[in-house]
Amino acid sequence: MAALNTLSYVFIGIGLFFNFVGAFGLHRFPDVYTRMHATTKCTTFGSIFLILAVIVQSAGIWAMGGDLRQSIMCIHSILALVALLVTNATGAHAMARAAHRSGEKPARAVVDDLEGKKND
Amino acid sequence: MIDWFPVIIALAVCLIIIMVRVFIGPGAPTRLVAFDTANTIVVTGLVVVGMMFNHVIFIDVAIVYALLSFVMTLYVAKYIQGDKF
């Protein structure tokens with residue numbers, strides 16, 4: 001159990017670091033596309049590791065002779081992780097397309113290759 | 001057993017930093033990006049809260065919240081890009 005606790009602390013450290021990197025990148029970058037680049041990748045990566053810490057802890061307690069609740073918690077955390085992974089990437093794609101079609105320009109952009117392509 | 005309470009506090013601080021961008025962000029797409037990030041943080045926080053209080057219902061709520069926030073993101077993106085519904 002001590003090894004699992006150490007593994008969970010490492011996962012929590014990585015997850016919180018990347019969540020804070022995403023949160024500060026939302027303030028440091030100049031336009032919507034670079035902000036999306038910062039947040040959707042860093043926050044997804046950090047959330048993967050935080051939920052992995054929960055999965056490792058609940059699986060450890062379940063393997064140590066816990067009750068049924070820990071097994072349900074482990075499996076449902078995996079389901080939540082899968083839902084988060086699928087929806088974040090697709091949502092980021094939809095948001096980037098909506099931002100470009102609403103006329104949002106990249107900061108300090110010289111040429112826009114997608115100019116005028118409305119029907120892709 | 002891990003003390004999960006500082007993790008919750010750190011996620012709440014992260015959420016406050018993101019919500020500042022939701023309120024001051026220039027334009028609708030930036031606010032949408034910030035709100036989607038806040039949704040991801042909320043899902044993670046719900047899973048951690050469920051582990052902290054040892055209740056499964058928080059994690060089930062987190063699954064449903066992730067899927068519903070995805071639907072919200074898609075519809076607001078359709079609204080921003082000017083489609084007819």
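In this predicted model, 42 residues of chain A are in contact with 39 residues of chain B. On the chain A side, the elements that each give two or more residues are helix H1 (2-28), helix H2 (32-63) and helix H3 (68-101). H3(A) provides the largest share, 18 residues. The table gives the side of chain A that touches chain B by residue class.

| Class | Side of chain A that touches chain B |
|---|---|
| Nonpolar | 20 residues |
| Polar | 17 residues |

One residue of helix H3 of chain A is A:Ala94. A:Ala94 has 20 other C-beta atoms within 10 Å, and because 20 or more count as buried, A:Ala94 is buried. Leaving aside neighbours within four places in sequence, its contacts are B:Thr73, B:Leu74 and B:Ala77. A:Met64 lies 30 residues away from A:Ala94 in sequence, and the C-alpha atoms of the two are 44 Å apart.

Helix H2 of chain A also meets a helix of chain B. The axes of H2(A) and helix H2 (residues 28-53) of chain B come within 10 Å and cross at roughly 5 degrees. Angles under 35 degrees count as roughly parallel, so H2(A) is roughly parallel to H2(B). Residues making this contact include A:Val32, A:Met36, A:Thr43, A:Leu50 and A:Val54 from H2(A), and B:Val33, B:Thr40, B:Thr44 and B:Met51 from H2(B). By class, the contact of H2(A) with H2(B) has twelve nonpolar, ten polar and one charged residues.

Key. Residues numbered from 1 in each chain as written. Chains lettered and ligands numbered in written order. Predicted model: local features only at pLDDT ≥ 70, side-chain atom pairs only at ≥ 80, totals over all residues. Contact = placed C-beta atoms within 7 Å. Helix = DSSP H or I, 4+ residues; strand = E, 2+ residues; numbered from the N terminus. Nonpolar A, V, L, I, M, F, W, Y, C, P; charged D, E, K, R; others polar. Buried ≥ 20, exposed ≤ 12 C-beta atoms within 10 Å, placed from the backbone. Axes fitted to C-alpha atoms, helices over the stretch in contact; angles between N-to-C directions. Parallel < 35°, antiparallel > 145°, perpendicular 65-115°, else oblique.
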